[in-house]
Amino acid sequence: MTPPYEWRELIRQLDEIGSKSLPLVALAGAAIGVVVSLEARYTLSRFGAKSLFPSSLVYSVIEVMGPIITGLVVSGRVGAGIGAELASMKVTEQIDAIEASAINPYRLLAATRILACIVMLPLLTVAADICALLTGWFAQAMVEPLAFRQFIENGFHGATFNAFLPPTFKTSVYGLIIGLIACFQGMRTTGGAEGVGRAATNSVVLASLFLILADVVLVKFILVVFP
Amino acid sequence: MTASPDTRMKTEEIGKEGRVAAIAVENLRKSFDALMVLNGITLRVEQGETLAVLGRSGTGKSVLLRIIIGLVQPDSGSIQIQGQSLSGLSVDELGVLRKKMGFLFQHAALYDSLTVAENVAFPLAHHRREMAKSERSDRVERLLAEVGMETSLDKMPSEISGGMQKRVGLARALALQPEILLLDEPTAGLDPISSREIDDLILKLQAEHHMASIVVTHDLFSAKTISNRLALLDQGNVVIEGTFEDLQQSDISFVSEFLQHP
């Protein structure tokens, strides 16, 4: 945590992890918005609660679907990318070359990537949420006219800090998990090309698994701490 | 350019110049699981001298260099760099010593996401942050010109040949003006002409910079050309150490066999 800081590499990683994941995350969010909208409309109609559609969509997306879908998508794209990149550097002695140059490879390569994941996950989650709400509203409006303004007012009616910010910022923990696992898998690789493939696969699988398990703990934590 | 033995300093002249060896390895041992790789190696390299370490594949030559640069920890023994022991050093203290050493990896280990110029500038960007960008660019161009790669600044490592990568690796190893140079199989995988070009380049750089160098190689011709002394390893031990003539005159059967079939 002491200087000198690798600002240049951090900015590069913020771009790589954040900006370049945005289209994929937005697309995933948009798709989830349609799915949740269709399912919510069908379920609420069965119980005569169609008026609750806006708030059910908003809460479902922001509290549950948005964060987990963003985490899983980023885990796949970024986790595999970091794992493969660092593994490739490991097997071609580039990480040894960095260390032999009296540069801390963990500070340069791992810390920057982990920090970038922690910072960008909440921002990507917000993007996914926005896309999901837009397409969710649109899917509903195609079937039954619903003004966007009415949708927003009804959906966010009675909303508080506890409802929306903690679920969004819990994705920083997802980012920590993705970054840590991918960097560990990559920088400890052995075995040439096979090792690189293994590192990429393990990064995605383990990050996704631990992300879901962490969500169990985080949801309970949020419900207790932010009732 | 033909290699000239006269450009190398004589060992006795080197010994007179400094009392503290640039590199002093004492009774070094290293095993990987049940395999004993280094079994009590003792070597000494003076400033301005080049020691070639020879041996069959798998005899621990590269491991020796990795231990000296601190990438691998020995099981026992000591290493001193300009009188300072490597054992018990903090990361920062080890970093200070590493900045005095340049390391050429066997396959150059260039950073494949950076251009040739960015590779050479990498150590400067991290350790000479006070250096102006223009000054750093000038230094990079001078280093690449020194190794004959001045026209390849913007190329990626994947776009240049193995011999060219070794040249860029050498330039990068020299970026911080090291006093010690460690070369791991500098001619491995190269054709005979490229190998001789690398030998000539190493000789030129040694004459200009007077570094203490250890060259790990199984290229006997290269070792004879660029080094003042040679050390032949077998089964983790130094079988013989001396000039090429000493090796030729040795009556140790392994030495004779190695010289005939390197």
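# Close-up views of a predicted two-chain model

**View 1. Chain A is built from helices.** From the N terminus on, the elements of chain A run α-α-α-α-α-α-α-α-α. That gives nine helices and zero strands. Helices (H or I, at least four residues) and strands (E, at least two) are DSSP runs, numbered from the N terminus. The model is predicted: local features need pLDDT of at least 70, side-chain atom pairs count only at pLDDT 80 or more, and totals for chains, interfaces and linings use all residues. Residues are numbered from 1 along each chain as its sequence is written, while chains are lettered from A and ligands numbered from 1 in the order in which they are written. The C-alpha trace of chain A spans about 65 × 35 × 30 Å along its principal axes. Of the 227 residues in chain A, 46% are buried. A residue is buried if 20 or more other C-beta atoms lie within 10 Å of its own, exposed if 12 or fewer, and partly exposed in between, with C-beta atoms placed from the backbone. Among the contacts in chain A with a separation of 6 or more, 88% join residues 24 or more positions apart. Two residues are in contact if their C-beta atoms, placed from the backbone, lie within 7 Å.

**View 2. Helices α2 and α5 of chain A pack together.** Helix α2(A) covers residues 22-46 and helix α5(A) residues 105-143. Their axes lie 7 Å apart, at an angle of about 40°. That makes α2(A) oblique to α5(A). Angles under 35 degrees count as roughly parallel, over 145 as roughly antiparallel, 65 to 115 as roughly perpendicular and the rest as oblique. Axes are lines fitted to C-alpha atoms, for helices over the stretch in contact, and angles run from 0 to 180 degrees between N-to-C directions. The crossing of α2(A) and α5(A) is right-handed. A crossing is right-handed if the near helix is turned clockwise from the far one by less than a right angle, and left-handed if anticlockwise. The contact of α2(A) with α5(A) holds 17 nonpolar, six polar and two charged residues. Ala, Val, Leu, Ile, Met, Phe, Trp, Tyr, Cys and Pro count as nonpolar, Asp, Glu, Lys and Arg as charged, and the others, Gly among them, as polar.

**View 3. Helix α5 of chain A also meets α8.** Helix α8(A) covers residues 171-187. The axes of α5(A) and α8(A) come within 7 Å and cross at roughly 150°. This crossing, too, is right-handed. Contact residues of α5(A) include Ile114(A), Cys117(A) and Leu121(A). Those of α8(A) include Tyr174(A), Gly175(A) and Ile178(A). The contact of α5(A) with α8(A) divides into 13 nonpolar, five polar and one charged.

**View 4. Ala159 sits in a loop of chain A.** The loop lies between α6 (148-155) and α7 (161-169). Ala159(A) counts as partly exposed, because 13 C-beta neighbours lie inside 10 Å. Ser60(A) is 99 residues from Ala159(A) in sequence and 13 Å away in space, C-alpha to C-alpha.

**View 5. Chain A touches chain B.** The contact takes 12 residues from chain A and 16 residues from chain B. The chain A side divides into five nonpolar, four polar and three charged.

**View 6. Four strands of chain B form an open sheet.** The order is β2-β1-β4-β5, and the pairing is antiparallel. Strands β2 (35-45) and β5 (84-85) of chain B each have a single partner strand, so one side of each is left without a neighbour in the sheet. Two strands pair if DSSP finds at least two bridges between them. Strand β1(B), residues 23-32, pairs with β2(B) over eight bridges. Leu28(B) stands opposite Ile41(B).

**View 7. Six strands of chain B form another open sheet.** The order is β6-β7-β8-β3-β9-β10, with mixed pairing. Strands β6 and β10 (237-242) of chain B stand at the edges. The twist averages 15° from one strand to the next. Strand β3(B), residues 50-55, runs parallel to β9(B), residues 229-234, with five bridges. Val53(B) has Ala231(B) as its bridge partner.

**View 8. Strand β6 of chain B is covered on both faces.** Met101(B) and Phe103(B) are buried on one side, Gly102(B) and Leu104(B) on the other. Four bridges join β6(B) to the parallel strand β7(B), residues 180-184. Leu104(B) pairs there with Leu183(B).
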